[in-house]
Amino acid sequence: MKLAIGGDHAGFEYKKQLVEFLTKEGHEVKDFGPDTDASVDYPDHVHPLSEAVEKGEYELGILICGSANGVAMTANKHQGIRAGIAWEDELAALTRQHNNANILCIPARFIDYDKTQSIIKTFLTTEFEGGRHERRVDKIGC
């Protein structure tokens with residue numbers, strides 16, 4: 001799978017490890033930054049990642065920041081993006097099954113790295129259910 005990953009300084013350490021993990025799992029991963037744990041403005045990384053996912057250059061995206069709120073709010077400004085926050089596997093599954101999310105947002109300050117890996121695996125392997133959910137997803141855009 002072609003994946004885009006990015007975030008902010010609070011998610012940098014997890015992101016660095018996840019790029020390696022996802023690559024070993026056989027995915028093609030593009031890192032949209034940041035490249036260090038120095039303080040950054042997350043929209044500078046989230047907008048390019050979201051545009052790339054929206055254009056279909058990447059199948060799915062992963063964003064990691066302290067609470068996941070800022071990156072989710074920024075990503076969701078893009079009409080073709082459905083970014084969902086997950087801190088449990090069930091939330092990751094539901095955001096794919098019911099909302100056809102194409103970007104997963106992880107709150108690095110609230111979950112450990114092993115849990116992050118598990119949530120991402122769930123997100124990547126869960127399919128959109130369609131059906132009644134399709135009608136609702138079609139109404140999300142403004």
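Predicted model: local features only at pLDDT ≥ 70, side-chain atom pairs only at ≥ 80, totals over all residues.

Colleague: Why is Tyr14 called buried?

Modeller: Buried means under 20% relative accessible area, and Tyr14 comes out at 15%, so it counts as buried. Tyr113 has 13% relative accessibility, so it is buried by that rule too.

Colleague: Which other residues of α1 are buried, and what covers them?

Modeller: Besides Tyr14, the buried residues of α1 are Phe12, Lys15, Leu18, Phe21 and Leu22. Their cover includes β1, β2, β3 and α5. In α5 the buried residues include Tyr113, Ile119, Ile120 and Phe123, and among the elements covering the buried residues of α5 are β1, α1 and α4.

Colleague: How many aromatic pairs are there?

Modeller: The count is 2 aromatic pairs. One of them is Tyr14 with Tyr113, at 5.6 Å centre to centre and with 70 degrees between the planes. This pair links distant parts of the chain, since Tyr14 is in helix α1 and Tyr113 in helix α5, 99 residues apart.

Colleague: What makes the pair of Phe32 and Tyr58 edge-to-face?

Modeller: Two cut-offs matter here: ring centres within 6.5 Å make a pair, and planes over 60 degrees apart make it edge-to-face. The Phe32 and Tyr58 centres are 5.9 Å apart with planes at 85 degrees, so edge-to-face it is. Phe32 sits in the loop between β2 and α2, and Tyr58 in the loop between α2 and β3, so the pair ties together parts 26 residues apart in sequence. Phe32 and Tyr58 are both buried.

Colleague: Where do Lys2 and Lys30 lie relative to these rings?

Modeller: Lys2 lies over the face of Tyr58, 5.2 Å from the ring centre. The charged end of Lys30 is over the ring of Phe32, also 5.2 Å from its centre. For a charge to count as over a ring, one test is a distance within 6 Å of the ring centre.

Colleague: On to the sheet. What order do the strands have?

Modeller: The open sheet has 5 strands in the order β2-β1-β3-β5-β4, and the pairing is parallel.

Colleague: Why do β2 and β4 stand at the edges?

Modeller: β2 and β4 each have a single partner strand, so one side of each is left without a neighbour in the sheet. From one strand to the next, the twist averages 25 degrees.

Colleague: How do you know that β3 and β5 are partners?

Modeller: Pairing takes at least two bridges, and 5 bridges join β3 to β5, with the strands running parallel. Leu63 stands opposite Cys105 in β5.

Colleague: Which strands do the two helices meet?

Modeller: α1 packs on the sheet, touching β1, β2 and β3, and its direction makes about 170 degrees with that of β1. α5 lies across β1, β3 and β5, at about 165 degrees to β5.

Notes. Residues numbered from 1 in each chain as written. Heavy atoms only, no water. Phe/Tyr/Trp six-rings, centres within 6.5 Å; stacked < 30°, edge-to-face > 60°. Helix = DSSP H or I, 4+ residues; strand = E, 2+ residues; numbered from the N terminus. Buried < 20%, exposed > 50% of the residue type's maximum accessible area, 1.4 Å probe, protein only. Lys NZ or Arg CZ within 6 Å of the ring centre and 35° of its normal. Axes fitted to C-alpha atoms, helices over the stretch in contact; angles between N-to-C directions. Contact = heavy atoms within 4.5 Å.
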